[in-house]
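Good morning, and thank you for the time. I should like to go through one model with you; please look at the display.

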Amino acid sequence: MQELICPYCQQSVTITPDAATCSVCESDLRSLIEPADAAAYFYQRASEMATSGRKQHALTEVNRGLTYADTSELRLLGAILSKQVGDFAQMRTHVAAI
């Protein structure tokens, strides 16, 4: 989650990659999401999904996060999850990117 001042209505709002519109004026603020915040958001979601046994969903979240920020943390989690679900081609891709 990222807190910022909406450049359109000047109100303080909180946005995420899944909720990237201003809650006051409904402007699209997706371009203002910091890559580090997006990576942390998706890492947290993927970790929670993996912990609850939803490893394929967690891997999907990792891959969504990589579209915002290609970080070694997301790549490592992606490699681990890929191995656990048996997707060795994707595992090699994540390892090679680290």
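Which residues does His-94 touch, not counting residues up to four places away in sequence? They are Leu-59, Asn-63, Leu-66, Arg-75, Gly-78, Ala-79 and Ser-82, where contact means heavy atoms within 4.5 Å.

A word on the source. This is a predicted model, in which local features need pLDDT of at least 70 and side-chain atom pairs count only at pLDDT 80 or more, while totals for chains, interfaces and linings use all residues. Residues are numbered from 1 along each chain as its sequence is written, and side-chain values use heavy atoms, with hydrogens and water left out.

His-94 lies in helix H4, residues 88-97; helices are DSSP runs of H or I, at least four residues, numbered from the N terminus. His-94 is buried, with a relative accessible area of 2%; buried means under 20% relative accessible area, with a 1.4 Å probe and protein chains only.

Let us turn to helix H2. The 14 residues of H2, 55-68, should span 20 Å at 1.5 Å a residue, and the end C-alpha atoms are 20 Å apart, which agrees; the expected span is 1.5 Å times one less than the number of residues. Its buried residues are Ala-58, Leu-59, Glu-61, Val-62, Gly-65 and Leu-66. These cover an arc of only 155° around the axis, so they are on the same side of H2; the arc is that of the directions from the helix axis to the C-beta atoms. Their cover includes H1, helix H3 (72-85) and H4.

Conventions
Helices (H or I, at least four residues) and strands (E, at least two) are DSSP runs, numbered from the N terminus. Buried means under 20% relative accessible area, exposed over 50%, partly exposed in between (1.4 Å probe, protein chains only).
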